[in-house]
Amino acid sequence: MAKQGLKRQQNRMAVILLAPALATILLFTTIPAFTTLSYAFFHWSGFKRGSFAGFENFSRLFHFPFRDQFLIALRHNLLVFVGIFTIQTTLGIFLAYALFKIKRGQRFHRTVAFFPVIFSLVIVGYTWQIILNPFFGPVNYFFHSVHLDSLALTWLGETKTALPTLVFINLWRWVGFPTIIFLAGLNAISSDYVEAARIDGASEGQIFRKILFPLLAPSMTIVTILTFIGAFEWFDLPYVLGGSSGGPAGATDTLALMFYRLSFGSVDSIANEIGIGSALGVVIFLIVGLGATFGAKWLRGREVEA
Amino acid sequence: MIRLIGSKVFWRGILIFNAVSVLLPVFFLINSSLRSSVDFAKNPMALAWHPYWQNFSQVWQNGDFANFLKNSLIITVGSLVVILAFGVGAGFVLGRYQFRGQNFILGFILTAMLIPAKLMILPLFIQLKWMHLLDSHLGLILVYASGSLPAAIFILSGFFRALPADLDNAARIDGASEGQMIRKVLIPLVRPGLAIVTIYAAIPIWNDFFLPLVFLQTPAKKTIMQGLTIFFGEYGSQWGVLFAGLMIASLPLIALYLVLSEQFIKGLTAGAVKG
């Protein structure tokens, strides 16, 4: 009797407590996610949906003038992924290993290494914009004062240097993140392996290459996948520093910026193209979704049991 | 060379180099916010021996800035209230009860976790417009809550599950109702989980740029991160004022980070840890 009362009370409780959370997720995540797919298959004028369009929006996306924009943006996203992945991951492992080895002051250095991650990309972007300002910034001021005037470039203003500069700023803000993930990975490795290798006379370099690095594979999987997703949804930093058309002259354009322009219009064209924008959204979703799924599968296969 | 890499001195050197590269731009930001614009234009690297506080009062007198801060605070706190209230409830049920359909609900939440928020911005925009929640703080709060809830529920249900089962029974035998048991016994015990969820959700919301850019149109409703872009347009080359603006916008998180760095690191990497 009492047990039944408890069960009934629990059932009521479960419904009351689950409903608000599930309703919020359903309304503001699940339903929009499903409708976003359908948008790509309709004609649109402004924010008004028109007739069924089949694959027309996709075919327009892959023809002049959108095709060239798309390919340039895609190339930038790929470059950014490769750039961020190689530099950020290598540095992350390097720093994590340094933190792992140095116990005295570890807490301080760990706190400092992660510090930039808490900054908004808007703040990071603007701060670096002033640091790299060609006339008033300390970087070029320094180069001029040591007579290396040829190095005092218009970092964010030239098509050649703009994208690498953005990758560098991204590095400053993000490198603490993989560092912490790799450090957690290193700390999770049983010290028995390392000690056994040391007794067998392995050098520190051998221990890192043969034991620590292979056992870091699960952390590597996480970092790679998150970097991949981040690189293909790259928006805030290029928007803050280059505007919605990826200035200078489209040198920092990305797929997410193009998606934003098509969805909400831009300085150059006030009219938006929701159909083509949604088609691009589906394409980005496929790239990120398939890339992350198959990437994770492949990377997991490389992980060794420890 | 190989000897050098094996030595502790080398790795300590790496850490010191990293600390300098991290802290130098931050120091530059703080230092420059305390110098007059004229002074800065003369030499961007000089130290602020005589702090020029007028930059800060000038930012503050620009009434918009305080308003942007207030908007960010309302949106962040509002979202947190919804996330914690709804998340604790759902986390408790999923962590402590067993019932039919539980796996279905877990799958539903897990799927929602994998959907990239940026790509459903269009339907959300139209949906919010239709619900009269566009250009409103409440609309933004609900979208943020929806975005953070799945991970929050997972984190919290893990914490609830880890508590010993006898706790519930002891409280029930003492005559506590389910609601009392949750409030008085369980919630105090999952406090570390609440801290992780708070940081996990609050920082990206405070720092977010994209959703307010799309959803808020009335200038008076905009958040601090958007306010900064307006601010940078308005104050052109008044460097001191711009730096003071950047300082004020980042100060809340810097201050909190100095006190709670451990929780920050746990909170911000919570999504990356295998569940």
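Colleague: What share of the 306 residues of chain A counts as buried?
Modeller: Keep in mind that this is a predicted model: local features need pLDDT of at least 70, side-chain atom pairs count only at pLDDT 80 or more, and totals for chains, interfaces and linings use all residues. Numbering starts from 1 along each chain as its sequence is written, with chains lettered from A and ligands numbered from 1 in the order in which they are written. A residue is buried if 20 or more other C-beta atoms lie within 10 Å of its own, exposed if 12 or fewer and partly exposed in between, with C-beta atoms placed from the backbone. For chain A's 306 residues, the buried share comes to 42%.

Colleague: And what radius of gyration does chain A have?
Modeller: Its C-alpha atoms fill a box of roughly 90 × 75 × 35 Å along the principal axes. The radius is taken over C-alpha atoms, and the globule rule is 2.2 Å times the number of residues to the power 0.38. That rule puts a compact globule of 306 residues near 19 Å, but chain A has 25 Å.

Colleague: How many helices does chain B have?
Modeller: Helices (DSSP runs of H or I, at least four residues) and strands (E, at least two) are numbered from the N terminus. Chain A has 14 helices and two strands. Chain B has zero strands, and its helices number 14.

Colleague: What percentage of chain B's contacts between residues at least 6 apart joins residues at least 24 apart?
Modeller: Contact here has C-beta atoms, placed from the backbone, within 7 Å. In chain A, residues 24 or more positions apart account for 67% of the contacts with a separation of 6 or more. For chain B, the figure is 77%.

Colleague: Which helix gives the most to the side of chain B that touches chain A?
Modeller: The contact takes 70 residues from chain B and 68 from chain A. On chain B's side, 54 are nonpolar, twelve polar and four charged, where Ala, Val, Leu, Ile, Met, Phe, Trp, Tyr, Cys and Pro count as nonpolar, Asp, Glu, Lys and Arg as charged, and the others, Gly among them, as polar. With twelve residues, the top contributor is helix α2 (residues 8-33) of chain B.

Colleague: Why does Pro32(A) count as buried?
Modeller: Pro32(A) is found in helix α1 (residues 2-39) of chain A. Beyond residues up to four places away in sequence, Pro32(A) touches Met120(B), Pro123(B), Leu124(B) and Gln127(B). Pro32(A) is buried because the number of other C-beta atoms within 10 Å is 24.

Colleague: At what angle do helix α5 and helix α11 of chain B pack?
Modeller: Ile83(B), Leu84(B) and Gly87(B) are among the α5(B) residues that meet α11(B), where the partners include Val197(B) and Thr198(B). Axes are lines fitted to C-alpha atoms, for helices over the stretch in contact, and angles run from 0 to 180 degrees between N-to-C directions. The axes of α5 (residues 63-96) and α11 (residues 191-207) lie 10 Å apart, at an angle of about 145°.

Colleague: Leaving aside neighbours within four places in sequence, which residues is Val197(B) in contact with?
Modeller: Val197(B) sits in α11(B), on the side that meets α5(B). Leaving aside those neighbours, its contacts are Ile83(B), Leu84(B), Gly87(B), Ala152(B), Ile155(B) and Leu156(B).

Methods: Two residues are in contact if their C-beta atoms, placed from the backbone, lie within 7 Å.
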